[in-house]
Amino acid sequence: MSIVLFSPPSSSSHLPSLSPYSSKPTHTLKPSLSLKPKKTLFSLSSIKPTSDNVATFVESEKKLEADESAAESNGSVPAAVEAVVETKFEDPRWVNGTWDLNQFQKDGKTNWDAVIDAEVRRRKWFEDNPESSSNDNPIVFDTSIIPWWAWMKRFHLPEAELLNGRAAMIGFFMAYLVDSLTGVGLVDQMGNFFCKTLLFVTVVGVLLIRKNEDIETLKKLLEETTFYDKQWLATWQDEGPKSD
Amino acid sequence: MASLAINTHLSTTKSDHKTTVNHRRSLKSFVGLCQTSPETTNSLSLTTPLAKTRPGQNRTRRPVIVAAKSSPIVTGRNLRVAVIGGGPAGGSAAETLAKGGIETFLIERKLDNCKPCGGAIPLCMVGEFDLPLDIIDRKVTKMKMISPSNVAVDIGKTLKPHEYIGMVRREVLDAYLRERAAKAGATIINGLFLKMDIPESLNSPYKIHFTSYDNKTGGTGIKQTLEVDAIIGADGANSRVAKSIGAGDYEYAIAFQERIKIPDAKMTYYEDLAEMYVGSDVSPDFYGWVFPKCDHVAVGTGTVTNKGDIKKLQTATRLRAKDKILGGRIIRVEAHPIPEHPRPRRCAGRVALVGDAAGYVTKCSGEGIYFAAKSGRMCAEAIVEGSENGKRMVEESDLRKYLQLWDKTYWPTYKVLDVLQKVFYRSNPAREAFVEMCADEYVQKMTFDSYLYKRVVPGNPLDDLKLAFNTIGSLVRANALMREMDKLSV
């Protein structure tokens with residue numbers, strides 16, 4: 001009663017797939033899985049315009065389309081198909097399991113934004129098409145080789161601008177409102193303890209609550225931090241004098 | 001008192017939380033607990049106050065021992081204790097009881113049971129339980145962590161030559177521990193526990209109903225009863241003893257595993273190496289693994305929240321390991337539940353739960369064998385001490401002492417692993433950061449030290465600070481990349 005793994009089953013790959021696991025002819029395969037390859041084909045073609053090096057993607061797409069049409073013309077299930085069409089992640093700048101920084105040069109310096117873009121695309125590819133991890137081509141890329149200022153410039157600064165803008169708007173409006181209601185000017189407001197508290201609440205609020213959903217998220221996070229402790233202490237909740 | 005404030009907070013917020021805890025008592029009883037045993041409330045804090053209470057602990061323990069000493073002497077015979085379940089927890093409990101001079105009965109339903117299990121034991125278990133080296137099939141000294149985007153990191157560089165993770169076959173380990181218990185004087189009964197009769201009066205015995213399979217091959221066994229004074233429930237995740245005492249339920253994960261016999265050439269790669277695959281394709285809240293066994297590998301995965309998808313997750317795990325297990329043949333498929341947290345009640349009357357029955361499996365790594373054996377031993381030691389080697393009757397307070405000691409000793413370990421799981425198994429970017437962090441030597445050293453010796457060793461504070469900095473950096477980078485990824489898919 002042993003199941004032979006990965007030897008070509010009879011009704012294999014009439015649907016050459018980008019995600020190899022959907023080629024298994026199990027009955028548990030939901031229709032959505034077999035639709036996936038087509039969807040990812042489309043998403044690849046949408047990535048096309050934005051990427052610099054499209055050669056490999058286009059080639060692999062063409063190969064897939066050719067295979068698909070050939071198989072469809074076959075009609076019914078072919079007998080033992082030896083080669084399962086599989087596309088692995090390929091990119092000319094991806095060398096030996098890491099990004100070759102020499103290929104990312106622009107004006108004599110490394111174009112870190114392009115490295116980040118390439119890594120994002122690679123992770124997206126792997127998320128949609130999980131691949132087998134191989135010992136011959138181990139992946140050793142570490143995101144810490146990208147310098148901290150590249151991350152700052154690309155991710156932190158735009159968000160900081162947004163949040164500071166929000167805080168400034170709220171600050172100006174509240175200062176005006178308080179002044180018009182109480183007559184206390186901005187400098188005098190800063191000396192008042194209640195106003196300082198309001199300022200603190202505003203800053204914390206702007207930092208933590210970026211979207212409406214964040215309020216619920218924060219509440220859940222707080223609950224989560226003590227949930228495990230409560231589960232452990234449960235046994236002590238009903239300790240007390242008992243006669244057994 | 002700060003601890004009083006913590007207690008107030010806990011008991012008031014508990015009521016609006018969906019747990020299965022019996023919230024019958026008001027704040028008063030918790031305060032009462034606080035006064036008799038301050039060390040339990042201190043178990044909440046992970047900092048040094050734990051050390052400070054140790055001298056205090058002896059002083060406050062005295063009154064509780066005196067209470068047991070006032071319980072009646074058991075005349076004409078030794079204390080009788082039944083251990084239900086003959087796994088690591090039951091075996092070590094029975095051995096400790098028998099060595100302590102107590103009349104022990106070990107009831108196990110299947111003496112040749114091959115419990116589906118990862119089978120990894122830490123180094124300290126070999127020393128603490130005097131395990132002979134020949135029950136260890138393999139000594140794993142290298143591990144590979146593989147991220148969702150297949151970034152592979154090798155860990156194990158910091159291990160010293162004598163350090164390893166032992167891989168055992170459960171049937172071998174369990175049989176050895178049971179045999180040692182029998183040699184120490186315990187009576188091994190091949191039977192299935194059915195139910196127990198809780199005694200009406202204070203010191204009357206418990207009556208256990210079980211089906212005995214002794215000297216029977218197949219067919220139904222004979223219904224028998226046994227009268228004992230105390231019971232240790234070591235019957236695993238679906239514990240019947242727990243049900244009998246109304247211990248409550250816990251959340252559990254399903255671990256699904258396939259044993260695959262791979263060609264010898266591929267087996268040499270797994271000679272002393274185990275792999276861990278993380279990713280939402282492999283498991284949304286746990287990890288997939290390839291563990292080497294005696295002559296084959298076990299490929300599996302687990303999940304708490306998506307139990308229905310377990311087959312899909314297993315297929316994904318096999319896919320990720322495909323290159324390395326190509327040409328393999330599945331020889332066995334197995335699944336088992338893994339508790340996620342302790343049951344609400346681990347002790348009632350003179351019945352205590354240990355091991356998986358109590359829910360002593362760590363988060364993040366899902367390790368249970370060592371904690372099962374250790375808790376069995378600790379509970380047995382508490383019974384031996386409370387009964388003065390079987391001369392006196394035990395009381396619930398003696399069993400509670402085992403719970404106190406357990407919580408105090410291992411609470412930091414469990415909490416740290418819980419925090420790790422919450423932070424690093426949350427999402428794909430968190431897993432990528434996790435694998436990235438594992439490349440750091442300091443992390444590897446801390447991880448292995450705490451796993452192999454079950455000590456939360458505080459390292460050099462400067463290194464800890466650097467580690468914290470790097471962790472936050474990794475998490476921030478990975479999350480930033482994920483937001484870019486989301487932009488791509490939109």
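In strand 14 of chain B, the residues B:Gly288, B:Val290 and B:Pro292 point one way while B:Trp289 and B:Phe291 point the other way, and all are buried. This is a predicted model, and in it five of the five residues of strand 14, which covers residues 288-292 of chain B, are buried, so the strand is largely enclosed by the rest of the structure.

**Partners of strand 14**

- Strand 13 of chain B, made up of residues 273-277, runs antiparallel to strand 14 of chain B and is joined to strand 14 by three bridges, with B:Tyr277 standing opposite B:Gly288.
- Strand 15 of chain B, made up of residues 297-303, also runs antiparallel to strand 14 of chain B, and four bridges join the two.

**The eight-stranded sheet**

- An open sheet of chain B has eight strands in the order 10-9-8-2-1-11-18-17, and their pairing is mixed.
- Strand 10 (222-228) and strand 17 (347-348) of chain B stand at the edges, each with a single partner strand, so one side of each has no neighbour in the sheet.
- Strand 17 of chain B pairs with strand 18 of chain B, residues 351-353, in the antiparallel sense over two bridges, and B:Ala348 has B:Val351 in strand 18 as its bridge partner.

**An annotated span**

- According to an unreviewed UniProt entry, residues 80-110 of chain B carry the feature "domain: FAD-binding".
- The span of residues 80-110 of chain B is 39% helix and 35% strand, and its end C-alpha atoms lie 23 Å apart.

Note on methods
Residues are numbered from 1 along each chain as its sequence is written. Chains are lettered from A and ligands numbered from 1 in the order in which they are written. This is a predicted model: local features need pLDDT of at least 70, side-chain atom pairs count only at pLDDT 80 or more; totals for chains, interfaces and linings use all residues. Side-chain values use heavy atoms; hydrogens and water are left out. Buried means under 20% relative accessible area, exposed over 50%, partly exposed in between (1.4 Å probe, protein chains only). Two strands pair if DSSP finds at least two bridges between them. UniProt positions are given in the numbering used here, feature names are shortened, and annotations may be inferred rather than shown by experiment.
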